[in-house]
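Hello,

Here is the structure we spoke about. Please open it alongside these notes, which go through the findings site by site.

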Amino acid sequence: MDDRAGDDSPHPGPTEWGEHPHGVGPWDREHGTSVPEDPRLDPELITHGDRRNVVDAYRYWTREAIVADIDRRRHPFHVAIENFGHDANIGTVVRTANAFAAAAVHIVGRRRWNRRGAMVTDRYQHIEHHADIGELLEYAARHDLTVVAVDNVPGSVPLETARLPLRCLLLFGQEGPGVTDDAKQAAAMTVSIAQFGSTRSINAGVAAGIAMHAWVRQYADLTTSW
């Protein structure tokens, strides 16, 4: 799959090729009733079925309608990941950010990234690109976001006991080197994830999921989850 294929690509993604075991068939076969008058429904999906990687509540909806509905419920935290080494974890970060309804994902460094791990969720998730950390920090300042670096370094605050800011930008480094020095110096706080085994670090995509869920546990209205 071309790693440039994203939100605007007309080509099907890995969960839209038809062989995905989940989803629903054409409306008439599934429901046996006339199609309701609903502008959110996609005529193509009504006719041919909906095998996309979406929750049941969004079956047959257009992509635009799904994004608009998520926008109505998005959380005020953002996620940023440095991409100076073409990190393959970015797709996982995007997919998890979509699951937790993050306001946006910010990619710092290389614009190109491998979207396979996102499983087409990038079509429903706002994604911003910044050439360097300076651009990201300017964005954070304009939008009143507190930058929180996530890295296991001396002086960091345990994520397990930290109180994350409501409006924050969770910043992650690429696999291996972690958050760059410039990013750590610019962050208002750095949090670490407790580890108990032999590995020096947790996979960047996994760490991002843990940190996002920490924010969800502190602030999210769980009655609005699926």
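**H75 and its surroundings**

A polar atom of the H75 side chain lies 2.8 Å from the backbone oxygen of F100. Please keep in mind that this is a predicted model.

H75 sits in the loop between α3 (63-73) and β1 (78-83). Is H75 buried or exposed? Its relative accessibility is 18%, under the 20% cut-off, so H75 counts as buried. Setting aside neighbours within four places in sequence, H75 is in contact with F100, A101, A102, A103, W215 and A220.

**Largest pocket**

The largest pocket has a volume of about 550 Å³. It is lined by 22 residues, and the closest to its centre are N98, A99, F100, A101 and W226.

Which elements give two or more residues to the lining of the largest pocket? They are α3 and α4 (90-99). By class, the lining of the largest pocket divides into 13 nonpolar, six polar and three charged residues.

**N98 and Y124**

N98 lies in helix α4. With a relative accessible area of 17%, under the 20% limit, N98 is therefore buried. Leaving out residues up to four places away in sequence, N98 touches I70, T121, Y124 and Q125.

Take Y124 next. Y124 is in the loop between β2 (104-109) and β3 (127-130). Its relative accessibility is 6%, so Y124 counts as buried. Y124 and D71 are 53 residues apart in sequence. In space, their C-alpha atoms are 9.4 Å apart.

**Aromatic pairs**

How many aromatic pairs does a search of the whole structure find? The search finds five. One of them is Y58 with W61, a tilted pair: 4.9 Å centre to centre, with 55° between the planes. Both Y58 and W61 are buried.

Y58 also pairs with W226. This pair is edge-to-face, at 5.5 Å centre to centre and 80° between the planes. The pair links distant parts of the chain. Y58 is in the loop between α2 (43-48) and α3, whereas W226 is in the segment after α7 (204-219), 168 residues apart.

The two partners fall into opposite classes. Y58 has a relative accessible area of 4%, so Y58 is buried. W226 has a relative accessible area of 64%; that is over 50%, so W226 is exposed. Y58, W61 and W226 form one aromatic cluster.

**Second largest pocket**

About 380 Å³ of space lies in the second largest pocket. Of its 18 lining residues, D151, N152, G178, S201 and I202 are the closest to its centre. The lining of this second largest pocket has eight nonpolar, seven polar and three charged residues.

**Where to look**

Then go to N98 and its contact Y124. End with the cluster of Y58, W61 and W226.

Best wishes

Notes. Residues are numbered from 1 along each chain as its sequence is written. This is a predicted model: local features need pLDDT of at least 70, side-chain atom pairs count only at pLDDT 80 or more; totals for chains, interfaces and linings use all residues. Side-chain values use heavy atoms; hydrogens and water are left out. Helices (H or I, at least four residues) and strands (E, at least two) are DSSP runs, numbered from the N terminus. Buried means under 20% relative accessible area, exposed over 50%, partly exposed in between (1.4 Å probe, protein chains only). A polar contact is a pair of N or O atoms within 3.5 Å; within protein, one must be able to donate a hydrogen and the other to accept it, and residues adjacent in sequence count only if both atoms are side-chain atoms. Contact means heavy atoms within 4.5 Å. On a 1 Å grid over the protein atoms alone, a cavity is a set of points where a 1.4 Å probe fits but cannot get out, and a pocket is an open set with protein on both sides within 12 Å along at least five of seven lines; lining residues have an atom within 4 Å of a point. Grid points are joined across faces, edges and corners, and a volume is the space filled by probe spheres set on the points. Ala, Val, Leu, Ile, Met, Phe, Trp, Tyr, Cys and Pro count as nonpolar, Asp, Glu, Lys and Arg as charged, and the others, Gly among them, as polar. Rings of Phe, Tyr and Trp (its six-membered ring) pair if their centres lie within 6.5 Å; planes under 30 degrees apart count as stacked, over 60 as edge-to-face and the rest as tilted.
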